[in-house]
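This report describes a protein model, beginning with the contact between its chains and then turning to local features of the backbone and helices.

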Amino acid sequence: MLNVTGELSGDSWGIFTFLCAALCNLPALPALNCSEELGAGQSIQQTYDLTRYLEHQLRTLAGTYLNYLGPPFNEPDFNPPRLARAERVPSATVDLDLWRGLTDNARLAANYRAYSRLLCYLRVLDGQVGTAELRHRLAHFCASLQGLVLSIGGVMSSLGYPLPAGPAGPPAPPGAHAAPNDFLKKMDDFWLLKELQTWLWRSAKDFNRLKKKVPPAVVTLRLEARGF
Amino acid sequence: MSPVDLHPKDSHPQYERVGADVTMKCGSMDWDAAVTWTVNGTDIDESHLNGSYLILKNVNLSQSGQYSCYEGSSWHLKYQTYLRVGTPPKEPVLMCRSNNYPKGFYCSWHLPTPTYIPNTFNISVIHGTKDMVCEKDAMPKNRCHIRYLQLFSTVKYKVTLTVTNALGKNFTTLTFDEFAIVKPDPPESVVAKPVPNNPRRLEVSWQNPSSWPDPESFPLKFFLRYRPLILDTWQHVELSDGTSHTITDAYAGKEYIIQVAAKDNDIGTWSDWSVAVHATPWTEEPKHLTTEAQITETTSASTSSFMAPPTTKICDKGAVVGSGAVAVCWTAGLVMAAYSVLFI
């Protein structure tokens, strides 16, 4: 496991948390001009690289977090049944033929929606966690995950796809879906981390497919057609 | 009363454990009846009898066979059984692997020690709350495969293998994630060739394993290892795409052994190493061939270079294979030694 090398000071923490909260509440992210200049091919590669980096980061984070939760959550063969409440977390699981047949737009949108929601859940976690080391790791991970969401958004914009709308209606009050007891709360956390990990594995495959189907040359033509 | 009620051939064998004591009764004959027992047609000595009962103490495997009991005078067959000595099964060894991701996975199993009697294997696969059917393969036996219905599942698969025979049963369980068991087959058709006019290069190419169904969406990355036969340490190259590579730091004139392994780009583990291929880099045609009559065999670029560095031997026993080239090498070595002495 990686060692924590230094912590953020109190002031920068405050600013950081504010930024995280502010970004989480935006209904839609603005289209980024910089990614259009890069070309979607390169952006897809960068997004792919980001998923790999995040997957690596998550391994360390999950190890630390599950140890914090304690047994049985940190046991390697812990295999609980999926409770109904866990269905709120977006699942990467998909029928094989359906996954193959996804359009580029649908593929990107699924990733965008999933990570946006996972990010929000993670931020809730961040606010509740006990140790400073965990808060530091979670904050770092949230920042990287935010980067991934932005990156996916950038790819979608450069390909001319509309960004998926944010969650309908006002955000639920903090206590709305709270677990009734401590054990179930830990189960929620366990499944969140599991789905996050699975999504990162899936995204690597999603972006592999996109890489093959969207070479950089295509995007240049598209930009010309739009009169840039 | 009909003399024989039993069928002469008993279709159900009698199974007994190694080391057990076995008592066989001669059908419905009284204890004090005069009988003769045979095993596989050979008479059994009376010392093994207790009245008309046959006593076998601490049976071993060699005592398996057809036991028959005949009435003393009439030689009517009164009882027959086929005895099979064996052991109850030990815990079986189970392995599951996905070499054809994302199509599915297969499980294969075996017993660590033989039981010497017939065994039945039963395999069950549970995915969350769902029971899945693992279809048995015709060949090889002791193998079954499953098709994935869903991809990117967070729920683990639980595979239980139960082995049963007449003397007992045993079982083992494996629990794993979809991603954890991904391990491709080794790359196929590995070919290594020298590069003309390049004494330090070798061109290696290979193909994706044919069992990997979709290298487009699930690309493989590769690991190449190579070493000259005379050294023990390998050199390694990891390649994230492409199915060929040029080695540029080969020692001139040395025969190399080369292997390739494959792995899904993102998940699972490395395959086993491919079949090894041998190749020697291109060498110039040797110029000092004339003096010794034996050095006429220059079959291909694979013969040793005569410009070998002084610290290494020209030929090693293992380096050149077949066709009398070994004799050529040793003679060449002697000639070189002779020449170098002359020119010092």
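The model is predicted: local features need pLDDT of at least 70 and side-chain atom pairs count only at pLDDT 80 or more, whereas totals for chains, interfaces and linings use all residues. Residues are numbered from 1 along each chain as its sequence is written, chains are lettered from A and ligands numbered from 1 in the order in which they are written, and side-chain values use heavy atoms, with hydrogens and water left out.

**The interface**

On the side of chain A, 25 residues are in contact with 21 residues of chain B, contact meaning heavy atoms within 4.5 Å. The buried area is about 2100 Å², and carbon and sulfur atoms give 54% of this; the term denotes the accessible area (1.4 Å probe) that two parts lose on being put together, summed over both. In chain A, the most area is lost to chain B by A:Leu96, A:Trp201 and A:Lys205, together 27% of what that side buries.

A salt bridge requires a side-chain nitrogen of Lys or Arg within 4 Å of a carboxyl oxygen of Asp or Glu. Side chains of opposite charge can pair when their charged atoms come close. Two salt bridges that involve A:Arg52 are listed here.

| Residue | Partner | N to O distance |
|---|---|---|
| A:Arg52 | B:Asp266 | 3.1 Å |
| A:Arg52 | A:Glu55 | 2.8 Å |

A:Glu55 and A:Arg52 are separated by about one helical turn because they are three residues apart in helix H3 of chain A. Helices (H or I, at least four residues) and strands (E, at least two) are DSSP runs, numbered from the N terminus.

**Helix packing in chain A**

Helices H6 (residues 132-158) and H7 (residues 182-213) of chain A pack at an angle of about 35°, with their axes 14 Å apart. Axes are lines fitted to C-alpha atoms, for helices over the stretch in contact, and angles run from 0 to 180 degrees between N-to-C directions. H6(A) contributes A:Phe141, A:Leu145, A:Leu148 and A:Ile152 to the contact, while H7(A) contributes A:Leu196, A:Leu200 and A:Phe207.

**Backbone features**

Two cis peptide bonds may be noted. One joins A:Pro71 and A:Pro72, with omega about 0°, and A:Pro72 is placed in the loop between H3 and E1 of chain A. The other runs from B:Met139 to B:Pro140, with omega near -5°; B:Pro140 is found in the loop between strand E13 (135-136) and strand E14 (143-147) of chain B.

B:Trp75 is not a glycine, yet has a positive phi of about 55°. The loop that holds B:Trp75 runs between strand E7 (65-71) and strand E8 (77-86) of chain B.
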